[in-house]
Structure formats: C-alpha cells, structure tokens
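Dear colleague,

Please find below the structure that I am handing over to you. My findings follow it, arranged by topic.

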Amino acid sequence: SQQGEEDPQALSIQEGENATMNCSYKTSINNLQWYRQNSGRGLVHLILIRSNEREKHSGRLRVTLDTSKKSSSLLITASRAADTASYFCATPGASGTYKYIFGTGTRLKVLA
Amino acid sequence: GAVVSQHPSWVICKSGTSVKIECRSLDFQATTMFWYRQFPKQSLMLMATSNEGSKATYEQGVEKDKFLINHASLTLSTLTVTSAHPEDSSFYICSAGPWGRLYNEQFFGPGTRLTVL
C-alpha cells in the first residue's frame, strides 16, 4: 500500500527561520494535502495541491509538487513559535478509492 | 467550502459504556466518509470506509462489532465505540468526500478525543 513519508521526522529551528519538510509517496496521485496538528489537537487543513499544479502558496506557506519524483515539500517562511506542531502529508490511496494515506509526520519545534 | 465537523470534540466515558461520534459534511454531500484512529505521537491509521446507504468496510484488524459505523445520509456518518475499554482511548478523525468532481478529494474533520476510564 502507498504511504507518504515525511522527512525529517523532527525539526527544530529558531523563530524567524524557514522550515522545510518533505513528503514522498509511492504511487501516482492526482492530489496531495498537507495538514497541521498541534499537540493533542485536531487536524488543520493547510493546502491541497493537484497533480497539474507545481507550486501553491498560502500566506507563509509554499507547497511544491514534483510528480516525476513523487515528492512534495512544505515550506514555512519566517516561522513563529505558534507554528510548532506536527505536519502531515496525505495522499489518495489506490485508484478508484477515496482512501487517504497519511505520512508519518514531521514534528516541528520553533524556538522563541 | 469543504467543511467537515465532528461532535463531540472530546469525550470521557467509563469502561463498558458505548460512545457515539458524529461526522458531518457541512456544505457538501459526501457519498463516502472514512474513519481514522490516531494513537499518541503517531500518524493516522484508516479504520473503515463508510458509504452512504451501504455497509461499512473495515480495514484488516479492525473489529466491526466493536466499531459500529452508520452512514445514514449524505451529510452524516456516525462511529459508535461499543463497550469501550481503556485501550480504545484514542483520537478519532473522520474525512468526507468526494468534494471535487474530477479529483478524489477528501476533507478531514477536527477529530474527537476519546478517553475511557
């Protein structure tokens, strides 16, 4: 089965720095989503990027998608302490189903 | 658009009782909803697929008699944890879709934290 894997598993940076996390997946997809989850809280949808898109922006977030490499990256610019959270990528499962497979997540810690 | 809600957001219950969790698509009709479970500091694991008007399909290792799923309408699916035990304590998250016509997009609810005492 397909699984997204985030890299790195954990990241610690200073406030104001940029944070980059990557997601790799195994099979062809037509969209990929990034979610944030604060400790002990629910999922917050960040960005959905479709297979015909290469890059997408939302505020301080920039997501890229490289379907040839089966990878996506999430960049958070000018990070803040409030960005401290786990970040997951999610990709659709097998063709014909709507199951989403979550990656293992990147735990980001932004130090004030 | 594409808002999915869950109720309750957290629940504490005694061992042996049953707990019902609701998942609603607020601004679109969802023919399919999925239920996920998340243990502390781990990723989300798919439990079951809920199709409107038909029986849910469960992933391997998930007890269907333990986790009852009902998808009675295009905007509501419920997960009932029957005879809950402390090991059922977890974070339960649903997703609903498809949202787009061309893409198999699902959107996720905020989750329900279940604590069984």
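**The interface between the chains**

Across the interface of chain B and chain A, zero salt bridges are found, a salt bridge being a side-chain nitrogen of Lys or Arg within 4 Å of a carboxyl oxygen of Asp or Glu. Please note that this is a predicted model, in which local features need pLDDT of at least 70 and side-chain atom pairs count only at pLDDT 80 or more, while totals for chains, interfaces and linings use all residues. Residues are numbered from 1 along each chain as its sequence is written, chains are lettered from A and ligands numbered from 1 in the order in which they are written, and side-chain values use heavy atoms, with hydrogens and water left out.

Between chain B and chain A, three residue pairs are in polar contact (both at pLDDT 80 or more). A polar contact is a pair of N or O atoms within 3.5 Å; within protein, one must be able to donate a hydrogen and the other to accept it, and residues adjacent in sequence count only if both atoms are side-chain atoms. On the side of chain B that touches chain A, at least two residues each come from β4 (32-38), β5 (44-51), β9 (90-97) and β10 (107-108) of chain B. The most is given by β4(B), with four residues. Strands (E, at least two residues) are DSSP runs, numbered from the N terminus.

The contact (heavy atoms within 4.5 Å) takes 24 residues from chain B and 23 residues from chain A. About 1,900 Å² is buried between the two chains, with carbon and sulfur atoms giving 56% of that area. Buried area here is the accessible area (1.4 Å probe) that two parts lose on being put together, summed over both.

**Salt bridges within the chains**

Over all chains, the count comes to five salt bridges. In general, side chains of opposite charge can pair when their charged atoms come close.

In chain A, the side chains of A:R60 and A:D83 form one of them, at 2.9 Å, N to O. A:R60 lies in the loop between β6 (55-58) and β7 (61-66) of chain A and A:D83 in the loop between β8 (71-76) and β9 (85-92) of chain A, so the pair ties together parts that are 23 residues apart in sequence. With a relative accessible area of 7%, A:D83 is buried, whereas A:R60, at 22%, is partly exposed. Buried means under 20% relative accessible area, exposed over 50%, and partly exposed in between (1.4 Å probe, protein chains only).

In chain B, B:D88 and B:K66 form a salt bridge, their closest N and O atoms being 2.7 Å apart. This pair links distant parts of the chain, 22 residues apart: B:D88 is in the loop between β8 (76-81) and β9 of chain B, and B:K66 in the loop between β6 (57-58) and β7 (67-73) of chain B. B:D88 is buried, at 5% relative accessible area, and B:K66 is buried at 11%.

**A buried threonine**

B:T112 is placed in strand β11 of chain B and counts as buried, at 0% relative accessibility. Its side chain reaches the backbone oxygen of B:P8 at 2.5 Å. Not counting residues up to four places away in sequence, B:T112 touches several residues, among them B:W10, B:I21 and B:F91.

Yours sincerely
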